[in-house]
Amino acid sequence: MLLCFQCCDGQCPSCEQQCNRTLMCRNHKCNSRCHQGPCYPCRVMVDVTCKCGKTKITVPCGRVKATKPPRCRKPCCIPPACRHPSRDPHRCHFGNCPPCSQICNEKLDCGHICPVVCHIAVLTKIEPPKIKRAGPWEVLPPPRIEELDYPCPPCQVPVPVTCYGKHETPNFPCSEARPWSCGKPCGRLLSCGNHSCPLECHTVINAATELEAGETCQPCEESCSKARPEGCTHFCLLLCHPDSCPPCQQRFRKKCHCQLNTVYIPCYQWTFSTAEEREKMLSCQSKCPKMISCGHRCPLLCHQGECPSSTNCKKKVTVRCQCKRQKQEFHCTVKQSGEAVVLCDDLCAEVKEKEEREKLALEQKMKEEEQKHQQKELEELQRKFEVKRRKHRKFQKDVTSEDTRRPVYQWMIAVCLSGIAMSIFLYCCLLKD
């Protein structure tokens, strides 16, 4: 470009050089001849394409930024970021593709297919860690968006799972399928055959059948609960057992027939015995203590019911004569009939007379001894009264009243002597009677 100087008179020819000023597009320069004023717009045409470049529009240079890309109807050709071979069908676009909405279909460890939506390269908003700011002027970091891969969730496919004791088989999610206890009693029949296992549902080992108990079941520790024989009130002493109970060995007490002794009878003997056998068991085998009408003891052993009649009494009875000197033994039946009689002889009469004489002599002797004894007591009493009277006279102060008191003492002595004589007389009368 040539410079024009003031020396020109205005008739200079026009500049033949190019303008070469940068145009408004900022990409090209003006290729027109040098001119005054603004340059013409850029005449270069530029293609604006979509993301894939298959759809384009032509716009003047400089309007590329202000022009929206054309709407492409072709499918998006960006390769998928997940495990799927292709993305969900969508049109060509700028920016990130929409998240994959296909089913994961990955094979899990359990063998099932993951049924949830694809969880690979998921756009996730990550919040920055919360920290204490130094002041309000400190700017917190903004959250960021990242693509994260998440593992497959636990398998939720329903799977039938049987409990330990095989009581029920409900459905559980596959990820939660494991051996479990339903909480019910085991219920398997124990070896006793009467009770079932009371433990909570558990694993049974070495069971013969599905209804019988195994080694891991609790052994029966209950007492025997079988019905006892009729009449037995005792409990079986064994633990619960499958066979019938052994005979009851416990004894119970009962009074014998005579109600004097106590008989101990085994329970099983009493339970399975007849009425006659029970009557024998209640006998203490001692002689009956009852007396029959003749006055003798019953000859039978301890028995039930009434004693036998006295007409069959075989006891011997001693019968004496009237003077009691002679005696003779007869059967009780003979005495009851009145035929047992013992008569006195001459010797009995002599003995009787002799005994009467001896009795009279003895009574006379006793009477004499009693009189001597009474006389001795009377003399002793008189002597005591005489001593008292002398002592009284010795210590008496009033001598003048001695003559008046003497008849009183004499009267008292007379009364005492008369009482003693009366008692002796009554005693002798009693001896005569």
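Arg71 sits in the loop between strand 2 and strand 3 (122–126); strands here are DSSP runs of E with at least two residues, numbered from the N terminus. This is a predicted model, in which local features need pLDDT of at least 70. Residues are numbered from 1 along each chain as its sequence is written.

Arg71 counts as exposed because its relative accessibility is 70%, and exposed means over 50%, buried under 20% and partly exposed in between, with a 1.4 Å probe and protein chains only.

Now look at Gly37, in the segment before strand 1 (45–49). Gly37 counts as partly exposed because its relative accessibility is 40%. From C-alpha to C-alpha, Gly37 lies 196 Å from Lys324, and 287 residues separate the two in sequence.

Strands count as paired if DSSP finds at least two bridges between them. Strand 1 pairs with strand 2 (residues 56–60) in the antiparallel sense, and strand 7 (residues 251–255) also runs antiparallel to strand 8 (residues 262–266).

| Strands | Bridges | Residues between the strands | Positive phi |
|---|---|---|---|
| 1 and 2 | 5 bridges | 6 residues | Gly53, near 80 degrees |
| 7 and 8 | 5 bridges | 6 residues | Gln259, near 65 degrees |

Met45 has Pro60 of strand 2 as its bridge partner, while Arg253 stands opposite Tyr264 in strand 8.

Methods. This is a predicted model: local features need pLDDT of at least 70, side-chain atom pairs count only at pLDDT 80 or more; totals for chains, interfaces and linings use all residues. Side-chain values use heavy atoms; hydrogens and water are left out. Helices (H or I, at least four residues) and strands (E, at least two) are DSSP runs, numbered from the N terminus.
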